Amino acid sequence: MSAHETAFDSSLGAYLLLLPTLAAIGAFLYYPSLQTLRLSLYETFLFGQNTRFVGLGNFASLLTSNTYLASVGLTFGFAAFVVVSTLAVGLLVAFLLYEVTNGKAAYLIAAIWPYALPTAVAGTVLLFLAHPSVGIYTFYLESWFGVEVDWFTVGWQAFLVVAIAAVWKQVGYNVIFMLAALNNVPESLNEACDLDGVGTWRRLLRVYVPLMSPTLVFLVVMNTIYAFFGSFALIDLMTQGGPTNATNLLIYQLYRDAFQFNNLGLASAESVILFVIVAGLTYVQLRVSDRYAHY
Amino acid sequence: MTGISLHNLTKQFDDVTAVDSVSLDVTEGEFLVLVGPSGCGKSTTLRLCAGLESTTEGTVSISDRNVTAEPASERDVAMVFQNYALYPHMTARENMTFGLDAAAGFSGTEATERVEEAAAILDIEDLLDRKPSALSGGEQQRVAIGRALVRDPEVFLMDEPLSNLDAKLRVQMRAELAELHAELQTTTVYVTHDQVEAMTLGDRVAVMNDGRIEQVAPPQDLYDAPDTRFVAEFIGSPGMNTVDATLRRRGTVSEIVWGDNTVPLDASPESLGLTSGDRVVFGVRPEDLSADTDGDVRMEVTVTEPLGSTLLVRGTVGGHEMEVSIQPRSLVEVGDQITLGVDPDRLHLFDPESGAAVYHSADSREAIGVDGDGRRDAAVARQGGADD
């Protein structure tokens with residue numbers, strides 16, 4: 001303790017040093033959060049110029065709205081698909097990258113490149129590649145598999161296209177972390193597996209995955225947050241929540257309520273709900289994984 | 001039948017030759033120790049046997065079967081690693097059975113029986129349901145050995161298995177390993193940099209240096225009759241003193257001379273294929289020197305190291321560093337001049353250029369005589385024991 005006391009003989013100096021950070025966090029994080037919380041209890045008109053206190057009215061109307069509840073269900077489905085698929089695809093790609101010996105760097109760049117692409121660019125590119133009438137992917141899907149691709153009007157197709165786009169965008173991030181975790185597996189364990197004659201897939205699932213579990217838990221959490229919040233740009237660019245609300249995720253519904261229907265009070269309430277859902281999920285994931293992850 | 005046989009085994013990493021045409025036969029049931037300083041290629045040799053490295057040249061045969069091209073899992077070997085290499089997320093039991101699950105044709109009950117059996121031998125029955133993080137270093141090493149045992153392999157390969165243990169535990173595990181081998185009689189190749197471990201465990205010891213085998217012999221032979229200057233200096237604790245000296249003949253008396261010091265030699269230079277005045281490397285172990293007031297060798301003491309059972313004295317003799325092991329509690333202090341006697345039956349001469357042994361006096365001579373001469377090509381290991 002004495003070392004601290006000689007460094008700062010009054011705590012004033014310490015607070016002074018913390019001030020810029022505290023000010024920035026306060027102004028851009030805590031204040032807006034508190035404002036959101038406050039606003040969620042008001043009905044707003046004219047971009048929030050006029051407000052009227054409604055208590056939990058916004059929450060009541062949201063939780064009784066079929067559109068909103070459908071959006072909640074849809075978002076959970078979307079998140080489940082994105083989290084599971086991103087982990088599965090990421091793991092496969094990371095494992096292949098780990099095993100490959102020639103051209104490792106080139107493959108790695110190829111694998112993480114979508115992550116480096118701005119979402120807006122990715123969304124626009126995908127929109128054209130998978131466009132129902134002029135997209136090159138669409139052309140081959142239709143000619144090889146004989147499916148009718150029309151995700152501008154077919155709901156489940158639109159959902160799938162956006163979900164796959166979201167996975168494609170997020171896989172690179174997962175691969176980076178998974179590859180780092182794989183490279184941390186001691187070489188002698190690989191050699192023990194070689195001697196034991198443990199096959200490739202068994203090695204992946206029984207040795208690598210358990211050893212990577214702390215990283216995997218982290219990725220589950222990050223992917224969940226991404227699925228709930230990060231998919232906005234893709235939806236806005238590709239489907240605008242349609243067709244017939246088939247891709248109307250909570251984050252997009254929130255955006256529409258706030259900036260298209262100018263209902264800031266309702267949007268704030270949605271914000272609070274979204275926050276509670278994601279915070280709750282993260283908490284559950286961390287608690288559950290404590291039991292299974294090997295730190 | 002041979003347990004494991006290496007023929008002209010060579011391994012190159014880029015432009016470094018880690019293992020340089022090593023040939024070695026390990027008989028079935030033998031405990032062979034590969035010993036040498038860091039970077040001498042002993043671990044690489046072991047890994048070549050295991051199939052964890054590919055050979056650049058030469059062959060590896062296990063039980064008379066050429067396995068050079070076979071993957072590690074097909075070679076019927078089990079390996080114990082220095083860092084144990086246990087799967088951290090599995091219990092001791094799972095660690096031991098994981099390899100068995102992988103091998104085809106193992107029923108669950110058979111695996112269980114084998115684990116119980118190995119656990120009983122290693123005295124780890126109570127630890128089977130613990131994970132490695134809940135085990136001490138010695139216990140982890142037992143589990144690692146257990147994992148090798150349950151596979152019932154043709155050959156055990158051990159890569160410095162005791163190096164991560166503390167000194168006391170190392171000595172205890174060393175004895176247990178010897179006991180285990182006596183019980184199981186499985187062919188074992190054991191790598192260590194610790195020459196005490198090598199001497200105590202090995203039926204035979206192969207001393208490696210610079211990718212080559214310098215000598216393969218039973219431990220006592222290595223100590224008594226080292227083939228090369230390197231072996232002489234490496235084996236023993238501390239190793240043999242070696243000094244540059246000259247052979248001289250005065251009338252009928254032959255002697256070894258360096259500085260003002262002379263040591264009589266009971267063989268003529270001619271009988272060794274040398275002439276008076278030739279340079280040689282004279283070797284004598286610290287244990288074979290003694291404090292002797294009538295001695296001809298004078299040492300100026302620079303360091304004294306009391307080891308309890310002996311007093312190790314280091315000093316300069318005729319400009320050369322030498323060590324001598326004398327009676328404990330001797331009254332010797334730094335700066336003293338002491339005279340030393342040399343055990344005439346324990347003299348060694350080496351060629352100054354090649355380092356090959358030229359002569360081992362008296363009871364050393366017998367062991368050399370069996371081989372014909374003392375100048376065997378050090379690069380080619382002896383096939384079989386020293387007594388064949």
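The contact takes 17 residues from chain B and 16 residues from chain A, two residues being in contact if their C-beta atoms, placed from the backbone, lie within 7 Å. On the side of chain B that touches chain A, strand 6 (77-80) and helix 2 (92-102) of chain B are the elements that give two or more residues. Helices (H or I, at least four residues) and strands (E, at least two) are DSSP runs, numbered from the N terminus. That side of chain B divides into 13 nonpolar, 4 polar and no charged residues. Here Ala, Val, Leu, Ile, Met, Phe, Trp, Tyr, Cys and Pro count as nonpolar, Asp, Glu, Lys and Arg as charged, and the others, Gly among them, as polar.

This is a predicted model, in which local features need pLDDT of at least 70 and side-chain atom pairs count only at pLDDT 80 or more, while totals for chains, interfaces and linings use all residues. Residues are numbered from 1 along each chain as its sequence is written, and chains are lettered from A and ligands numbered from 1 in the order in which they are written.

Chain B is assigned domain 1 (2-224) and domain 2 (229-371), with bounds from an automatic or database domain assignment. The C-alpha centres of these two domains of chain B lie 37 Å apart. Between them, 10 residues of domain 1 of chain B are in contact with 8 residues of domain 2 of chain B. Helix 7 of chain B provides the largest share of the domain 1 side, 4 residues. The table lists the elements of chain B that each supply at least two residues of that side.

| Element of chain B | Residues |
|---|---|
| Helix 6 | 195-201 |
| Strand 9 | 204-209 |
| Strand 10 | 212-217 |
| Helix 7 | 219-224 |

By class, the side of domain 1 of chain B that touches domain 2 of chain B has 4 nonpolar, 3 polar and 3 charged residues.

Chain A has 13 helices and 2 strands, and its C-alpha trace spans about 75 × 70 × 35 Å along its principal axes. Of the 295 residues of chain A, 30% count as buried (20 or more other C-beta atoms within 10 Å of the residue's own, C-beta atoms being placed from the backbone).

The largest nonpolar core holds 160 residues, of which A:Val162, B:Leu157, B:Val189 and B:Ala206 touch the most other members. Such a core is a set of buried Ala, Val, Leu, Ile, Met, Phe, Trp, Tyr and Cys residues joined through C-beta atoms within 7 Å. Helix 8 (residues 155-183) of chain A gives the most to this core, with 13 residues.

How values were computed. Buried ≥ 20, exposed ≤ 12 C-beta atoms within 10 Å, placed from the backbone.
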